[in-house]
Amino acid sequence: MNDASVDPKQVAYSRFMAAHASLRAAISELMELNAKLPLEFYEVLVILDGEPENSIRLSALADKACLSRSGLTRRLDRMERYGLVKRKQCEGDRRGADAVLTKDGAQTLESAKPAYAAAVEALFGSKLTTGEAKQLAAVMNRLIEPLRSNG
C-alpha cells in the first residue's frame, strides 16, 4: 500500500483511539499509585460531584459515564462497598433509583484531585502548547456536539 492510498482521516482516528487508550491506562496506573483510587471510580465521583445535591438517576449516570446499565451496576456495587456512593429509590418513581455521593466519596474525590491533575499534566498537558490545547479542544468539541444533540 502506498502513502497516497492511506486516508489521513482514518490515520487520525486510529491515532486518536491509540492515544486515548494509552493515556487512560497510564493515568489509571498513576491514580492507583498516587491516589489509591481507580480512575473509573474517580470519573463517577466527578460526575456525582457536579450534580445538584450530588445525586443523579442511574440511567443518566450511565450515559454520562459512557457505560452500559450493567457496567454501571457492577461499578457502583464496588464503589458502595467502599462507602463512596449509595443508591436511593427515586421519590415518586418506585422503579427508578439515584446514585448519591457520600461524605466519604466527596472526601476521597477531594483527596484524589491533585493526583489526577498531576497525571493529566504529566502525560497530556505537558506535551501540548497552549495554542495546541485550544485547537485540540475546539476539534474535539466539533466532534462531540453533533453526537450530543442526536443522543
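Predicted model: local features only at pLDDT ≥ 70, side-chain atom pairs only at ≥ 80, totals over all residues.
Among what covers the buried residues of helix H1 are H2 and H5; buried here means under 20% relative accessible area with a 1.4 Å probe, protein chains only. Residues are numbered from 1 along each chain as its sequence is written, and side-chain values use heavy atoms, leaving out hydrogens and water.

Let me begin with H1. The buried residues of this helix are Ile27, Ser28 and Met31. H1 has 28 residues and reaches 38 Å from its first C-alpha to its last, close to the 40 Å expected at 1.5 Å a residue, the expected span being 1.5 Å times one less than the number of residues.

Next, its packing with H2. The two helices pack at an angle of about 90 degrees, with their axes 9 Å apart. H1 and H2 are therefore roughly perpendicular, a term for angles of 65 to 115 degrees. Arg24, Ile27, Ser28 and Met31 of H1 meet Leu39, Tyr42 and Glu43 of H2, where contact means heavy atoms within 4.5 Å.

Of its 26 residues, Leu45, Leu48, Leu61, Leu76 and Met79 touch the most other members. H2 gives the most to this core, with 7 residues. Leu48 touches residues including Ile56, Leu61, Val85 and Val100, leaving aside those up to four places away in sequence.

Conventions
Core = buried A, V, L, I, M, F, W, Y, C linked by side-chain atoms within 4.5 Å. Buried < 20%, exposed > 50% of the residue type's maximum accessible area, 1.4 Å probe, protein only. Helix = DSSP H or I, 4+ residues; strand = E, 2+ residues; numbered from the N terminus. Axes fitted to C-alpha atoms, helices over the stretch in contact; angles between N-to-C directions. Parallel < 35°, antiparallel > 145°, perpendicular 65-115°, else oblique.
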